[in-house]
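Please keep the sequence and the 3D view open while reading.

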Amino acid sequence: MRRSFRKPYPAAVRGEGVYIWDDEDKRYLDFSGSAAVNFIGHGVREISDAMVQQARQLEFAHTSQFTTPVAEGFAQELLEFAGPNFSGGAVYFTSGGSESIETALKLARQYQVEIGQTKRHQILSRRQSYHGSTLGALAVSGNRRRREIYLPMVRESEHIGIPYCYRCAFDCTDSCYNCGQQYAAELERAILAAHGEVAGFIFEPMSGATLGAGTPPPGYLAAIADICRRHGVLLIADEVMTGMGRTGRNFAVEHWAVAPDILVTAKGLSSGYAPLGAVIATRKVVDAIAEGSGAFLHGFTYNAHPLSVAAGRAVLQRIQAQHLVSAADSAAQAAAGSALKAALESLCDLKAVGDVRGLGLLWGVEFVADKKTKAPFPPEKNFAGQVGQACLRRGLLVYPMQGCVDGIAGDHLLIAPPAVITPEQIAWSVEQLRTAISESAAA
Ligand SMILES: Cc1ncc(COP(=O)(O)O)c(C=O)c1O
């Protein structure tokens, strides 16, 4: 079953560097890394070689019976990559983002039970967020369009507000410092209102698809982390999209010096070469289970699948050997990240472009019908979708989304190219994008 019954899909047959080709030999520049997945470029031979080598040696062993050298080795490398906060911690490998989110939510619950906080089971989260498509992940998500019809099936906890500086609800004049504190205070009120039942708080350090690369205001995440710590609530960072170098740091939390108890990553972890996600837990969380009941009551058949883990391990080696995290840094001179920032910001002169925001190689371009009032296009016009189709015709892949204003209205694109993109390829892509936006606005 294809995603949409109303839309034609080209058949992808080949990939190399920033390009994908279809079966008619049309070339597409992957300016969104598919859906912020590909970070190292397509068609890297050493990744498929690592997978082939692993498959020839051992294709699968179940985690209830064995561990594998490839999973043990990669887990250690990933803990190091995640930094000193995770020293002595552990990694739980899954097959993708949603599975990893489910795992993190259950891990938070079991941690609380292990330390005697048996009442704590609620996971607080934010509106206008996205944490995955399985029912537990959907329960903590705040993306209205993606969850609305499934709401009767999910068990919800409180969703607090999310800072959105382009449409700041507080009219602040201090780069949103004050409003960030007010949003953080909302978390404290929600924790208190739950009468000791909150186990964790989950957040995207930078908003991914839902708000389109919205960055947190200064001081906000530090205040959130402090509130969680004071109230015994585990801090869960969802870095499915922002992790593994995408924002110019190994993990996005490093931009704001936040130390989560649990960090979830996927997408760039294998750059799409195999289905892979990971839950990285601090020593505090791991020790509570190891020294308590002794077993995490959770599991999937394909945990730590050797081929996926081999792919992820080879991807991390490639990221490090080619210095791709620095390449993604939008504050570093001569990096792909800074070239992308400058090129995308040049679109701000277009009438339909209200805001360009982001960090590293994760950017959002928000469209407006009226620049002065910031009024969005009518949702039924699907302006972002029109721009996406116009880009596709020109051989450019972007990630169109709707709902950034209130969950329904508001159009934006997510831009997240592989870190191997060159300045010439960026310039060409932004030229195509400019024409696609102008064409769609005139239609
Ligand atoms: C922030 C975030 N969390 C979780 C997910 C779910 O990941 P997956 O689609 O791999 O299940 C996504 C997917 O887009 C995401 O962006």
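R249 is partly exposed, because its relative accessibility is 30%. This is a predicted model.

What do the side chains of R249 and D329 form? They meet in a salt bridge, with N to O at 3.4 Å. R249 sits in the loop between β8 (234–239) and β9 (262–265). D329 sits in the loop between α11 (324–327) and α12 (336–345). The pair therefore ties together parts that are 80 residues apart in sequence.

The structure holds 18 salt bridges. One of them joins the side chains of E345 and K341, at 3.3 Å from N to O. Both residues belong to helix α12. They are four residues apart there, so about one helical turn separates them. E345 is partly exposed at 34% relative accessibility. K341 is also partly exposed, with a relative accessible area of 29%.

D349 forms a salt bridge with R434. Their closest N and O atoms are 2.9 Å apart. Where do the two residues lie? D349 is in the loop between α12 and β11 (353–359). R434 is in helix α14 (residues 423–442). This pair ties together parts that are 85 residues apart in sequence. D349 is exposed, with a relative accessible area of 56%. R434 is partly exposed at 27% relative accessibility. Elsewhere, salt bridges that share partners join R167, D355, R357 and E366 into one network.

## The ligand site

- S98: a side-chain N or O atom is 2.6 Å from an oxygen atom of the ligand.
- D238: a side-chain N or O atom is 2.7 Å from a nitrogen atom of the ligand.
- K267: a side-chain N or O atom is 3.0 Å from an oxygen atom of the ligand.

How much of the ligand's area does the protein bury? Taken alone, the ligand exposes 390 Å². The protein buries 81% of that.

## A buried histidine

H298 lies in the loop between α9 (283–290) and α10 (306–321). Is this residue buried or exposed? H298 counts as buried, because its relative accessibility is 17%. Its side chain makes a polar contact with the side chain of T103, at 2.7 Å.

L135, I149, Y150 and M153 make a nonpolar surface patch. The patch covers about 430 Å². I149 is found in the loop between α6 (144–147) and β6 (159–160). At 66% relative accessibility, I149 counts as exposed. The cut-off for exposed is over 50% relative accessible area, so I149 passes it.

## Positive phi angles

Most residues other than glycine have a negative phi.

A36 is not a glycine, yet its phi is positive, at about 55 degrees. The residue is found in helix α1 (residues 33–36). A36 counts as buried at 2% relative accessibility.

S271 likewise has a positive phi, near 55 degrees, in a residue other than glycine. S271 is placed in the loop between β9 and β10 (277–281). With a relative accessible area of 3%, S271 is buried.

Technical notes. Residues numbered from 1 in each chain as written. Predicted model: local features only at pLDDT ≥ 70, side-chain atom pairs only at ≥ 80, totals over all residues. Heavy atoms only, no water. Patch = residues over 30% accessible without salt bridge, like charges linked within 9 Å, V, L, I, M, F, W, Y side chains within 5 Å. Areas by Shrake-Rupley, 256 points an atom, 1.4 Å probe, with all protein chains shown as cover. Salt bridge = Lys/Arg side-chain N within 4 Å of Asp/Glu carboxyl O. Buried < 20%, exposed > 50% of the residue type's maximum accessible area, 1.4 Å probe, protein only. Polar contact = N/O pair within 3.5 Å; in protein donor to acceptor, adjacent residues only side chain to side chain.
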